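Thanks for making the time this morning.

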Amino acid sequence: MRTAYSVETVRAAERALMARLPEGALMQRAAAGLAAACAELLGRVYGSRVVLLVGSGDNGGDALYAGARLARRGAGVTAVLLSPERAHAGGLTALRRAGGTVAASGAADELIERADLVVDGIVGIGGKGGLRPDAEKLARRVERSRAAVVAVDLPSGVEADTGEVRGAAIRADLTVTFGTCKPGLLIDPARQYAGVVRLVDIGLELPGEAELEALQHAEVARLLPVPGAESDKYRRGVVGIAAGSARYPGAAVLAVSGALRGGAGAVRYVGPAGDAVIARFPETLVSDTGPARAGRVQAWVVGPGAGDDAATVAEVLRADVPVLVDADGLRLAERDAVRGRRAPTLMTPHAGEAAALLGVRREEVEGARLAAVRELAAVYRATVLLKGSTTLVADSAGGAVRVNATGTSWLATAGSGDVLSGLAGSLLAAGLPALDAGSAAAYLHGLAGRFASDGAPVGAHDVAAWIPEAWRDVRD
């Protein structure tokens, strides 16, 4: 599992470690890891041209000491100091002794133009509010260059704790981060600036609970239910799907497909699209008597393609089993009805739906995804899965937010969210807690999208068809 910790937690761990180490030892550890990563990216260090963009903080010191190591291996290293009077003195001395040079910021354009590698040590993990004008100018110049770009700890211009990007930022090919990942390296929009993230262990002792968790194959495999010898459809989980309408029958079909491919023992469908569902999936148990009289289920999915059927949404929310609310259901669900539920609730909005629920602009949600998902979970007292390029899952009780990055941009297609709803609903019916059901479903859905598309356009039905392959990939 990949974890990320807040700036405050990281700094506390650094202070505790520095108190036990000789002065400067921690920075030397970081610089050694940074230099090794730069050398690996360059391939051939001797004769290469390296430009260090050096701010006034410890990131600048890390860059200077790493530059000294590269200079001793034959690289031509030049440091551009944004605040010469506040640059790390020890790092500057080490660079000069190794044969590196220092240039005025006015020479940066020409140096960057000729560089093989640019090392971004402008702003550290405490940077907020965007870059200052001189640093912003450098960020734009770096983006136009052909040099490889390595960010120290995180790209300058992104906010470590939130993943927000306010204006220009360094766009790195590689980010070398120390001790632990920072939330901004895992959450969009900042994640798009980080490139490949390489973690360097510097010996930090961190608390058990992180700010963010990114599940990997092993963790997801442990969550997935596997039927035993005595399993029947109820032990595997029966999920109810209340979805679709005369206008959107396909939403019902896709939600049912996600549930069946997600391992449900059976699917009960309630709604006006029964004929379309049966035509595609004859094993579905179809009812036209409403959710309360549809038969035994262990979880409900309500909302995909529901149109204005508020009565069905309200009826499902009164059920005493876990409920997933998606799409039109998010708009139709009364906040107090969700807040008052005793059984688990999983809400699955995209950014536009989340913005409507919070009463803000979509851009505000997209720019501050972590804050938005936490606020929604708290306001609705529900687990919230915020869909997007990096899907976030937050529990109403707080704790670490789960982040999933298995998705692909080809999943941005009509009906993809309906498939995800059915898949997550099947995991709820199997007995997974809402946080685990949402996290595992997002992971499998993303893998299925990658397998289905392989870089080419696909539809939601293709994604659903590849869910079993994603399941096998995780289990194997």
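Let me start in the loop between β6 (148-152) and β7, which is where you will find aspartate 153. Please keep in mind throughout that what we are looking at is a predicted model. Aspartate 153 has a phi near 75°, a positive value in a residue other than glycine, and at 4% relative accessibility this aspartate counts as buried. For context, most residues other than glycine have a negative phi, and most peptide bonds are trans.

The peptide bond that runs from aspartate 188 to proline 189 is cis, with omega near 10°, and proline 189 sits in the loop between β7 (174-178) and α7 (191-194). Alanine 327, in the loop between β14 (323-325) and α13, is not a glycine and yet has a positive phi of about 50°; with a relative accessibility of 18%, alanine 327 counts as buried. Aspartate 328 belongs to helix α13 (residues 328-332) and, at 19% relative accessibility, also counts as buried because the cut-off is under 20%. Leaving out residues up to four places away in sequence, aspartate 328 touches Gly303, Gly305, Ala306 and Gly307.

Is arginine 268 buried or exposed? This arginine, which lies in strand β11 (residues 266-270), is buried, with a relative accessible area of 13%. Its side chain reaches the backbone oxygen of arginine 296 at 2.8 Å and the backbone oxygen of alanine 294 at 3.5 Å. Beyond its neighbours within four places in sequence, the residues in contact with arginine 268 include Tyr234, Val238, Ile241, Leu285 and Val297.

Let me turn to helix α17 (residues 369-380), whose twelve residues should span 16 Å at 1.5 Å a residue; the end C-alpha atoms are 17 Å apart, which agrees. The buried residues of α17 are Arg369, Leu370, Ala372, Val373, Leu376, Ala377 and Tyr380. They cover an arc of only 170° around the axis, and therefore lie on the same side of α17. In general, an α-helix has 3.6 residues a turn, so residues three or four places apart point the same way. Following α17 comes arginine 381, whose phi is positive, near 55°.

Finally, the aromatic rings: the count comes to one aromatic pair. Phenylalanine 451 and tryptophan 466 form that pair, which is tilted, at 6.2 Å centre to centre and with 55° between the planes. Phenylalanine 451 is in helix α19 (residues 434-453), while tryptophan 466 is in the loop between α20 (460-465) and α21 (467-475), so the pair links distant parts of the chain, 15 residues apart. Phenylalanine 451 counts as partly exposed at 26% relative accessibility, and tryptophan 466 is partly exposed as well, with a relative accessible area of 36%.

Technical notes
Residues are numbered from 1 along each chain as its sequence is written. This is a predicted model: local features need pLDDT of at least 70, side-chain atom pairs count only at pLDDT 80 or more; totals for chains, interfaces and linings use all residues. Side-chain values use heavy atoms; hydrogens and water are left out. Helices (H or I, at least four residues) and strands (E, at least two) are DSSP runs, numbered from the N terminus. The expected span of a helix is 1.5 Å times one less than its number of residues. Buried means under 20% relative accessible area, exposed over 50%, partly exposed in between (1.4 Å probe, protein chains only). The arc is that of the directions from the helix axis to the C-beta atoms. A polar contact is a pair of N or O atoms within 3.5 Å; within protein, one must be able to donate a hydrogen and the other to accept it, and residues adjacent in sequence count only if both atoms are side-chain atoms. Contact means heavy atoms within 4.5 Å. Rings of Phe, Tyr and Trp (its six-membered ring) pair if their centres lie within 6.5 Å; planes under 30 degrees apart count as stacked, over 60 as edge-to-face and the rest as tilted.
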